[in-house]
Amino acid sequence: MTPQSPSFRNTPGAPCTIVIFGASGDLTKRKLLPALYNLKVLGLLPQSFAVIGVAVTDGDDDAYRAKATADIKEFATRPVDDAEWEDFRKRMYYLQGDFNDVETFKALDAKIGQARADWSLPGNVLFYLAVSPTFFAKVVDQLGTVGLTTEAADAWRRVIIEKPFGHDLTSARALNENLCRHLNESQVYRIDHYLGKETVQNIMVFRFGNSIFEPVWNRRYIDYVQITVAEELGVELRGGYYDHSGVLRDMVQNHILSVLSLIAMEPPSSITGDSVRNEKVKVLEAIRPMEPEEVISNTVRGQYGPGIIAGKQVPAYRSEPDVNPQSNTETFVAMKLFVENWRWAEVPFFIRSGKRLAAHSTQVVIGFRRAPLLLFGEDVQTNSKPNRLVLHMQPDEGITLDIHAKRPGPNINLVNVPLNFSYSDFGEGTAATGYETLLYDCMIGDTTLFHRYDSVDASWRIVSPILDVWQALPARDFPNYESGSWGPAASDHLLEKSGHMWHHYPLKNGPFRTERESGPEGKNLA
């Protein structure tokens, strides 16, 4: 089926059956059902649809509908309209079964047939695998065995899988081989909820919809790029998963490299599907994997110790539930990468991500080169900060551009003035979970915001050498940063070596601050 063009994205997708594996889990009740309900209220869910939940938990249609009703009242992001929800609720079905048992999938085939008959649905089916990654290959294999992955001219079959897409390069390739036994690449939608965020999606609009930025979006004018994804939260109840993953796998390999590729990509021929994904892959392929010596000099890893967050004492990572008391898993990473192509040669891309940091903040900082002439005196030129552009992604979505202006008075005294734009200026935002756009795109067949396999492979090739060196040389100083700080001191030194420093820009709380001014680790740069 041909994907909808952008001009028709305000119309519902084709009628379909939505099958959710892992229907009794947190992702389903907290994100997927609220997102589907939001799409229905917005008129973007097909008027004719059905939702089938599949899980190992005992239950039937009536019990599942009752549970979903309780869950939507707790987790909906907008007031629940009784009439809208009643229409949604009666279209829900439930199947209890073991994912390892082919009989479960034969029963699912019959359940899909029942839903199609009840609501006059065509053969379109969306399978959402909200399950542990260990079940991805098994579920797809079982679907293929009973013929549920087979498409027809009037019936598409699409499978959404959540990250992580493998644990390393070898397992990612093995997973892809397993998926390809029963699915074409066009049927696989590797979801990254990060790409559903409004500001992330707006990167392309900002770059390619404004003619004033594209001419300077290159090595001649840009000195560096910084990408920060900072969290105040610890691992919470995800210790069992996180202790086998770490921040490099959990955040860098997928989310951060996706954002980097949007920042660095060439203009695509169109804004849908493979045109965008082709350009993103080119960026990742231009990032040369590090040699072992470069891993040691260009990366920093950290693990949080105890500290204070929001005025409360919080435990060290090794004291969190389900975490090995001698764990060497990293909860912080910083690194310097280079995109070795014509546009970006020699421009460093600094990325960092961590848990239990000083603030909850996701942003991209574009640092421009200094003006070439000392028109206003060497002291003024030396003390003024170069222009910077900041894309704020969370918690406050917006854009800041630092410019130079003259302070009123008889002397020429330059000051940095932040020009701020907040998405709240558009008015009240649409209540959303972050999954609405991605679910809708899957229903209309738009693959733009989903990972294609070659991008997954390319991102693993970037991080695999780092993982190999870290495994061979376990950290000796963990924990090496205090909860509530901006990470280990070595992170600051990584940038100092090339004459840079990390920047933290609050959108609403005044002008920009550097690490010197904004956090407990500021003393490292003083």
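**Entry 1: a three-stranded sheet**

I started with an open sheet of three strands, ordered S10-S9-S17, with mixed pairing. This is a predicted model, so I noted the ground rules: local features need pLDDT of at least 70, side-chain atom pairs count only at pLDDT 80 or more, and totals for chains, interfaces and linings use all residues. Residues are numbered from 1 along each chain as its sequence is written, and side-chain values use heavy atoms, with hydrogens and water left out.

Strands (E, at least two residues) and helices (H or I, at least four) are DSSP runs, numbered from the N terminus. Two strands pair if DSSP finds at least two bridges between them.

For angles, axes are lines fitted to C-alpha atoms (for helices over the stretch in contact), and the values run from 0 to 180 degrees between N-to-C directions.

I then checked S9 (residues 304–309) against S17: they pair in the parallel sense over three bridges. Tyr-304 sits opposite Tyr-481 in S17.

**Entry 2: a six-stranded sheet**

Next I looked up an open sheet of six strands, in the order S3-S2-S1-S4-S5-S6, with parallel pairing. From one strand to the next, the twist averages 20°.

S5 (residues 157–162) and S6 run parallel, joined by four bridges. Across from Ile-161 I found Arg-190 in S6.

Helix H1 (residues 26–41) lies across S1 (16–21), S2 (49–55), S3, S4 (125–129) and S5, and runs at about 165° to S1.

**Entry 3: strand S13**

My reminder for this one: in a regular strand the side chains alternate between the two faces of the sheet. In S13, Ser-361, Gln-363, Val-365 and Gly-367 point one way, Thr-362, Val-364, Ile-366 and Phe-368 point the other way, and all are buried. Buried means under 20% relative accessible area, exposed over 50%, and partly exposed in between (1.4 Å probe, protein chains only). With eight of its eight residues buried, S13 (residues 361–368) is largely enclosed by the rest of the structure.

What about partners? S7 (residues 222–230) and S13 run antiparallel, joined by eight bridges, and Ile-222 is opposite Phe-368. S13 also pairs with S14 (residues 388–394), again antiparallel, over six bridges.

I zoomed in on Thr-362, which lies in S13 and has 2% relative accessibility. Its bridge partner in S14 is Gln-394. Not counting residues up to four places away in sequence, Thr-362 touches several others, including Tyr-194, Thr-228, His-392 and Gln-394; contact means heavy atoms within 4.5 Å.

**Entry 4: Gln-187**

Is Gln-187 buried or exposed? Gln-187 is buried, with a relative accessible area of 3%. I found Gln-187 in the loop between helix H6 (169–180) and strand S6 (188–191). Leaving aside neighbours within four places in sequence, Gln-187 is in contact with Thr-149, Glu-151, Arg-157, Arg-158, Val-159 and His-182. A polar atom of the Gln-187 side chain lies 3.0 Å from the backbone oxygen of Thr-149.

**Entry 5: aromatic rings**

Rings of Phe, Tyr and Trp (its six-membered ring) pair if their centres lie within 6.5 Å; planes under 30 degrees apart count as stacked, over 60 as edge-to-face and the rest as tilted. How many aromatic pairs did I get? The count comes to 17. One of them is Phe-206 with Trp-217, edge-to-face at 6.4 Å centre to centre and 65° between the planes. Phe-206 is in helix H7 (residues 198–208) and Trp-217 in the loop between H7 and S7, so the pair ties together parts 11 residues apart in sequence. Both residues, Phe-206 and Trp-217, are buried.

I also noted a cluster that ring pairs make out of Phe-21, Phe-99, Phe-105, Phe-127 and Phe-135.

**Entry 6: cysteines**

A disulfide is a pair of cysteine sulfur atoms within 2.5 Å, and my count is zero disulfides. For Cys-16, the nearest cysteine sulfur belongs to Cys-442, 8.4 Å away. Cys-16 is buried at 0% relative accessibility. For Cys-180, the nearest is again that of Cys-442, 17 Å away. Cys-180 is partly exposed, with a relative accessible area of 43%.

Conventions:
Polar contact = N/O pair within 3.5 Å; in protein donor to acceptor, adjacent residues only side chain to side chain.
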